[in-house]
Amino acid sequence: PSDLPALKRLDACMCPAAAGREILLKNFLGMEEAWSVVLETCGEITGVAMARRIEGAIRLGPVYAPDLSAVQGMLKELLGFEGLRSLGSGLVFDIPAGNEAGMRWAEGLGMQQIGFTCRMYRGSLPQGVDLSRVFSLASLELG
C-alpha cells in the first residue's frame, strides 16, 4: 500500500502497545518477495493482508479486517498474485488467541494448529484492542 500514514493508523488500532512499527511496515513493504492488499471503505483503509516468502511456504500477516468476509476477499486477491502462486502451497499464519472465529475458519480450510500465539501485555489490556479483527500477526520474526 502506498498510503503508509493510513496503514500506520490501522496498525496502531490493532497493536496499540507496539511502538515503532512504522519501521516494520516500511521494511515489510520494501521486501523483494512481499505482497499486500488493502480494503478501503469510504476512502479509509479498514483492512490489510500482507504475505511474504519464507523457506518452503508463504507467511501471511499482518491480516486485519472488519470481518471474516473481508479477510476472505483480501486473501483471494492476495493469493492470486503471480509471484505468490509460483511459490507453492505451503501457507503459515499466526492467529492470536482470542480470535475464535479466525481459528474456526482456518480449521475449516484444513489448517492444523502447530503452535500457539499469544499477545502479552504488562498491566491491563490497552483500550480498543479488538482481536476479532486480527486474523494474523505480522509474525513472531517480524513483530
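Tutor: Contact here means heavy atoms within 4.5 Å. This is a predicted model, so local features need pLDDT of at least 70 and side-chain atom pairs count only at pLDDT 80 or more, while totals for chains, interfaces and linings use all residues. Residues are numbered from 1 along each chain as its sequence is written, and side-chain values use heavy atoms, with hydrogens and water left out.

Student: OK. Which residues is Ser136 in contact with, leaving aside neighbours within four places in sequence?

Tutor: Leu60, Gly61, Pro62, Val63, Tyr64, Phe93 and Asp94. Ser136 sits in strand S5, residues 134-136. Strands (E, at least two residues) and helices (H or I, at least four) are DSSP runs, numbered from the N terminus.

Student: Is Ser136 buried or exposed?

Tutor: Buried, at 1% relative accessibility. Buried means under 20% relative accessible area, exposed over 50%, partly exposed in between, with a 1.4 Å probe and protein chains only.

Student: What lies 2.9 Å from a polar atom of its side chain?

Tutor: The backbone oxygen of Leu60.

Student: Switching to charges. How many salt bridges does the structure hold?

Tutor: Two. The criterion is a side-chain nitrogen of Lys or Arg within 4 Å of a carboxyl oxygen of Asp or Glu. Asp94 pairs with Arg59 at 3.0 Å, N to O. Asp94 lies in the loop between strand S4 (91-92) and helix H5 (100-108), and Arg59 in strand S3 (residues 57-64), so the pair ties together parts 35 residues apart in sequence.

Student: How accessible are Asp94 and Arg59?

Tutor: Asp94 is buried at 12%. Arg59 is buried too, at 10%.

Student: And what about Arg53, which residue does it bridge to?

Tutor: Glu33, with the closest N and O atoms 3.4 Å apart. Arg53 is in strand S2 (residues 44-54), and Glu33 is in the loop between helix H2 (21-30) and strand S1 (34-41), 20 residues away. Arg53 is partly exposed at 40%. Glu33 is partly exposed at 35%.

Student: Why is S2 largely enclosed by the rest of the structure?

Tutor: Nine of its 11 residues are buried.

Student: What about the turns? Which residues have positive phi there?

Tutor: Cys42 does in the S1 and S2 hairpin, near 50 degrees, with two residues between the strands. In the hairpin of S2 and S3, also with two residues between them, Gly56 has a positive phi of about 75 degrees.

Student: Last one. Which residues of helix H3 are buried?

Tutor: H3 covers residues 68-78, and its buried residues are Ala70, Val71, Met74, Leu75 and Leu78. The face turned away from the buried side carries the exposed residues Ser69 and Lys76.

Note on methods. A polar contact is a pair of N or O atoms within 3.5 Å; within protein, one must be able to donate a hydrogen and the other to accept it, and residues adjacent in sequence count only if both atoms are side-chain atoms. Two strands pair if DSSP finds at least two bridges between them.
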